[in-house]
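Open the structure in your viewer and keep the selection panel at hand. We will go from one stop to the next.

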Amino acid sequence: MKVFVERLDNSKNWDEELSYFQGGLFMTSAWLSAITNNDINPLYLRFILADKPVAIAGGVEVLIGKGPAKQLLFYSGIASSSNDPFLIKKCKYELYIYARDNGYQRVVMKSYDNQLYVPAEINKFKKLERMEYIFRLDSYKESVIDGFSRSLRRKARKAKRDGTVLKKSYSVEMVEKLFEFLDETYNVRQLKGYGAYACLFLPFFGRGEIEKLVQARHAALYYAERQNEILSMSLVFSYQKKAYGLLMGTSRNGYKAGVPSFLNFELASILKEQGYSYLNIGGVQRDVKHQGLKDFKDQLGTDIVGSGEEVTNFLNPPLSYFNPLLNLKRFLGDLKVLPWRFKKSIIDIIDLILNKRDQI
């Protein structure tokens, strides 16, 4: 039987449906309303099979570059309580048809907080695997620190003995301090040999969106303080007793004092006491230069959950004429036998032609 795609006029009852279909935080009305602006419109889709809703997907319509062409962006994948790969494949195919027939140029599905990801690949989408680290706060463990490695436990406890305390703020003025810490963390990581990376990794998520989340009290700034000095800060998005650590920055003094271990432990412990079901602290960039961050997260005793980002080629002319270049770029990226310098020279030419229209 055919699956039909239905676009909803508004977000009324959306979060209730999302909860039923076990969707993640990045499809909630709280998140999508924070991302929405004059150029970005929310999109609420329902997938119907035999007159019954079987899945949903919430995302946004965004422009491709500076031109008039639009694409669909979903921060998380299709949500369906059945977790049936065959059904999700049908929904994914119909989403592709819906986008193509309605004049969209591309569909991008990220996988943030997509904890029930089901491998259901179709050839219309290209997949990139990723993983996230999740504190299960509703587990039987009495204390979050039980899952920490011995060295991280020692650092967290020492920071607490030295007088470090965790505080919480909904002050928009504190956002500036968060950005200072993000810059300092970036500088520290460069000294440690990390590759270049974007601190604000979520598409279309910047200072304005952060301030909107904080003002609406859908995100809070948790910070570790000792003797009136703030040493580390984390921006945490929370909704319906679920939480996601969006950003975290630490000063040089904070790193020396082992404060990242303290902040993760105290934050997870407080949320556990407040009845939260989980705290997702996100993933790690795939670059091997970020191995240090991966090693740190591996020692936190979290669940490691795999998922996949998926994206289509361009769906309609004139941009679809560039699809051979897109495919060549992916092929070169995956090809191991050619030197990177040679591949990069070709990829740079392709990027110049595409003018970043394949990026989001």
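How many salt bridges does a search of the whole structure find? The count is 20 in this predicted model.

**Stop 1: strand β1.** Select Glu6 and Arg46. They form a salt bridge, with the closest N and O atoms 3.2 Å apart. Glu6 sits in β1 (residues 3–7) and Arg46 in β2 (residues 41–49), so the pair ties together parts 40 residues apart in sequence. Glu6 is partly exposed at 32% relative accessible area. Arg46, at 17%, counts as buried.

Glu61 is buried at 8%; Arg7 is partly exposed at 34%.

**Stop 2: a network.** Select Lys110, Arg130, Glu132 and Glu309. Salt bridges link these residues in a network.

**Stop 3: helix α6.** Select residues 207–215. Which residues of α6 are buried? They are Glu209, Ile210, Leu213 and Val214. Just after the helix, Arg217 takes a positive phi of about 60°.

**Stop 4: helix α10.** Select Lys329 and Asp358. Their salt bridge has its closest N and O atoms 2.9 Å apart. Lys329 is in α10 (residues 323–334) and Asp358 in the segment after α11 (340–354), 29 residues apart. Lys329 counts as buried at 18%, and Asp358 counts as buried at 15%.

Terms used
Residues numbered from 1 in each chain as written. Predicted model: local features only at pLDDT ≥ 70, side-chain atom pairs only at ≥ 80, totals over all residues. Heavy atoms only, no water. Buried < 20%, exposed > 50% of the residue type's maximum accessible area, 1.4 Å probe, protein only. Helix = DSSP H or I, 4+ residues; strand = E, 2+ residues; numbered from the N terminus. Salt bridge = Lys/Arg side-chain N within 4 Å of Asp/Glu carboxyl O.
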